[in-house]
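Let's take a walk through this protein model, one feature at a time. Keep the 3D view open as you read.

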Amino acid sequence: MSADENIPVGWEQARELAYQAGLAAPAGAERIPLSEGDGRTLAEPLRALTALPAFPTSSIDGWAVRGDGPWRPVGRVLAGSTPPPLATDGTCVEIATGAMVPAGAAALIRVEESTTGPDGLVSGAPRPVPEWRLPGEEATLGEELLPAGTPVDPAVIGVAATCGYEFLTVRRSPRAAVLVFGDELLTAGPPGAGRVRDSLGPQVPSWLRRCGATVTSVDGPVKDTLDAHLDAIRAALATADVVCTTGGTMHGPVDHLHPSLAELGAEYVVNTVGVRPGFPMLLARVPGPDGRPRFLAGLPGNPQSAVIALISLVAPLLAGLAGRPFRTDLPLVEAATPIPGRGRDTHLALAALDPTGRIATPVGHVGSAMLRGLANSHGFAVVRPGTKISAGDPVPFLPLPLLPGERP
């Protein structure tokens, strides 16, 4: 480790470094049925397999006519069939919305704007604008409809189905494992006798899933020895693209994370970030047996700091691994009360939004070891280094990771 690796990286720069690290080491691609695509990310552009529409399509219920009227009906065209051409002037066919317009048709007439006489002949006037969709009106054969990196939602699935796709090639969901460090942790029952209940093992996997990861394992507490740390990290790296550890990010007598990373030949992407709470956190790149690197994210042991580290470094890393866009610009909200700065560091202040989502009020119980404030918040007001926020000032807001369809 070089000396400058101990200099904290700015919070915004750290997020960008984590994202770029993920982009450079994608988690791979897989082919899945359309029905399983929601929430995934396109690994390659979605191109039109045919012109859209593929044939001239009626947009009304009515008549397809040829020549001058009145017209003699010679048949009916329903959606899903291929009609014979209209070969004779003065003839028409009844046509349904979505049906293929027969060759030779000159116009379409709406059924409600037509009359049928006692002799069975149809009269009416077509509107000035043709009422059918022309081939290629929406897309031409081979046209790129959506680029690689597009998040797949129901509308994207619909576009793919319209084109004739049955499968999508998507980025594989990044796999994440969680390792909990600390002999002082209990995994059941209330805290006492010098030991505290582990709150990160139960919650970190859910945050990871909200960030798009598939959680492969959750293990711990791992014994406070270097050998135990190395064994646990190696086992987790065997199944995961990202290993999140909790605790042990300092350089104390039982903090074995940094020596473990050195033993594994890891390279720091970020080692300490200028943000409070959240100190210290790290992200390291670990060589993989297949030539593609894996990652280890060291989250602090204090619960709120660990969540801040996760959304600061792991969320952008996962977005990069999944090939998704990651917005570094944040929406602005109005501060309801003053929010202090933290000197040279970025201050992430837990805050709740009002029903409009436009006003943020800082919450209480926000110590690094506390979770009550986090449970009552929608995210963090971001106070940049060397600044403070007064009531009424605009302030960037970083929402907590949400489930699909959730709103802060």
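## A glutamate in a loop

Start with E137, which sits in the loop between β11 (132-133) and β12 (144-146). Helices (H or I, at least four residues) and strands (E, at least two) are DSSP runs, numbered from the N terminus. Leaving aside neighbours within four places in sequence, E137 is in contact with L52, P53 and W132, where contact means heavy atoms within 4.5 Å. E137 and E36 are 101 residues apart in sequence and 29 Å apart in space, C-alpha to C-alpha.

A quick word on the source: this is a predicted model, in which local features need pLDDT of at least 70 and side-chain atom pairs count only at pLDDT 80 or more, while totals for chains, interfaces and linings use all residues. Residues are numbered from 1 along each chain as its sequence is written, and side-chain values use heavy atoms, with hydrogens and water left out.

Most residues other than glycine have a negative phi, and most peptide bonds are trans. Now look at P53: the peptide bond from L52 to P53 is cis, with omega near -10°. P53 has its place in the loop between β3 (46-47) and β4 (57-58).

The peptide bond from R276 to P277 is cis too, with omega near -15°, and P277 is in the loop between β20 (273-276) and β21 (282-286). In the loop between β19 (267-271) and β20 you'll find T272, a residue other than glycine whose phi is positive, near 80°.

## Two helices side by side

How do α3 and α6 pack? Helix α3 (residues 200-210) and helix α6 (residues 303-321) have their axes 11 Å apart, at an angle of about 25°. So α3 is roughly parallel to α6, a label for angles under 35 degrees. Axes here are lines fitted to C-alpha atoms, for helices over the stretch in contact, and angles run from 0 to 180 degrees between N-to-C directions.

On the α3 side, L200, Q203, V204, W207 and L208 meet P303, A306, V307, L310, V314 and L318 in α6. The residues of this contact divide into 10 nonpolar, one polar and no charged. Ala, Val, Leu, Ile, Met, Phe, Trp, Tyr, Cys and Pro count as nonpolar, Asp, Glu, Lys and Arg as charged, and the others, Gly among them, as polar.

Conventions. Parallel < 35°, antiparallel > 145°, perpendicular 65-115°, else oblique.
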